[in-house]
Every structure is written in structure tokens, then in C-alpha cells.
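Subject: Structure for you to look at

Hello,

Here is the structure I said I would pass on. Please open it beside this email and follow along.

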Amino acid sequence: MRLLACQFSAVESWQALKQTDTPPQPELATKHYWLIIREPDLRTAFHPLSHSDYICLTTLKEGLPFSFVCEAAANLHQDTEAGTHAVMQLLQKALNANWLSRYQLPDPIQNLSE
């Protein structure tokens, strides 16, 4: 699983060219966020993410406690309940899409001994 923040339309251009469509303009008005995963058939898949989902997945990937993920979402949504709801929706989407199949939780015992 890789996370990508793009200011340029690299992913959109690649997808357009694969479909033999005309690629979009190279520069984007705002950053686009992507989750890049290897599908079971070894195909690389690009899934668009919201800024909130990108921040939450980045926090998870860095191995920070789940409470930090919820705190980051609450700050982004400026509301604890809305942030928690956003994290739960993201986790449900990730579980349904099998995005976290290779994710391993950090070993708390190992972290304590460091």
C-alpha cells in the first residue's frame, strides 16, 4: 500500500491514455490524493482519496496509535463526532476493498522495549 499526493494529473493522464482518451491538462488546481495497491491479480490499482482519508491512512501507515487517527480526523472535520464517523467509514471502505490485507499492527511489546 502506497499513498500519493499529486499536484499534477499524472494518474489521470495514465488512466486516460490506457483508455485511449485525451489526457487532461497537467497541472491541477488542488492536490489529488491516491491510494496505490497491488491487486490480487498483480495489477496496480489507483484509488482516489479525500484529503481526510489520505491523512488518516498516512497516520495509520506511520504506526501511530488509533487515537491519533481519530484526533487527526476530528481536527480536519472540526468536530469529534464527524471525525470519528469519517474514520469508521474509511475503515469500512478499506476492509470491504481489502486495502489492509498486508497491514500489520505494530507490536506494542516491541515498542515498549525500544
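Below is what was found, starting with the whole chain and then going to single places.

Overview

Please keep in mind that this is a predicted model. The average pLDDT of the protein is 83, and 88% of the residues score at least 70.

Going along the sequence, their order is β-α-β-β-α-α-α-α. Of the 114 residues, 32% are buried. If you take the contacts between residues at least 6 apart in sequence, 40% of them join residues at least 24 apart.

From Ser9 into helix α1

Start at the loop between β1 and α1, where Ser9 lies. Is Ser9 buried or exposed? Its relative accessibility is 2%, so Ser9 counts as buried. Leaving out residues up to four places away in sequence, Ser9 touches Pro24, Gln25, Pro26 and Leu28.

Ser13 is part of helix α1 (residues 10-18). Ser13 also counts as buried, because its relative accessibility is 16% and the cut-off for buried is under 20%. A polar atom of the Ser13 side chain lies 2.8 Å from the backbone oxygen of Ser9. With residues up to four places away in sequence again left out, Ser13 touches Pro23 and Pro24.

With a relative accessibility of 5%, Val11 counts as buried. Which residues does Val11 touch, not counting residues up to four places away in sequence? They are Leu4, Trp34 and Phe46. Val11 and Trp34 are 23 residues apart in sequence, yet their C-alpha atoms are 8.6 Å apart in space.

Helices α2 and α3

The next place to look is the pair formed by helix α2 (residues 51-61) and helix α3 (residues 66-77). Their axes are 9 Å apart, and the helices pack at an angle of about 160 degrees. That angle makes α2 roughly antiparallel to α3, because angles over 145 degrees count as roughly antiparallel. The crossing of α2 past α3 is right-handed.

Which residues meet where these two helices pack? On the α2 side they are His51, Ser52, Ile55, Cys56, Thr59 and Leu60. On the α3 side they are Phe68, Val69, Ala72, Ala73, Leu76 and His77.

How many of the 11 residues of α2 are buried? The count is 8, and α2 is mostly covered. The buried residues are Ser52, Asp53, Tyr54, Cys56, Leu57, Thr58, Thr59 and Leu60. They pack against α3, and also against strands β1, β2 (27-38) and β3 (44-49) and helix α4 (80-97). After α2 comes Gly63, which has a positive phi, near 80 degrees.

To find your way around, begin with Ser9 and the 2.8 Å distance to the Ser13 side chain, then go to α2 and its buried residues.

Regards

Terms used
Residues are numbered from 1 along each chain as its sequence is written. Side-chain values use heavy atoms; hydrogens and water are left out. pLDDT is the predictor's confidence in each residue, from 0 to 100. Helices (H or I, at least four residues) and strands (E, at least two) are DSSP runs, numbered from the N terminus. Buried means under 20% relative accessible area, exposed over 50%, partly exposed in between (1.4 Å probe, protein chains only). A polar contact is a pair of N or O atoms within 3.5 Å; within protein, one must be able to donate a hydrogen and the other to accept it, and residues adjacent in sequence count only if both atoms are side-chain atoms. Contact means heavy atoms within 4.5 Å. Axes are lines fitted to C-alpha atoms, for helices over the stretch in contact, and angles run from 0 to 180 degrees between N-to-C directions. Angles under 35 degrees count as roughly parallel, over 145 as roughly antiparallel, 65 to 115 as roughly perpendicular and the rest as oblique. A crossing is left-handed if the near helix is turned anticlockwise from the far one by less than a right angle, and right-handed if clockwise.
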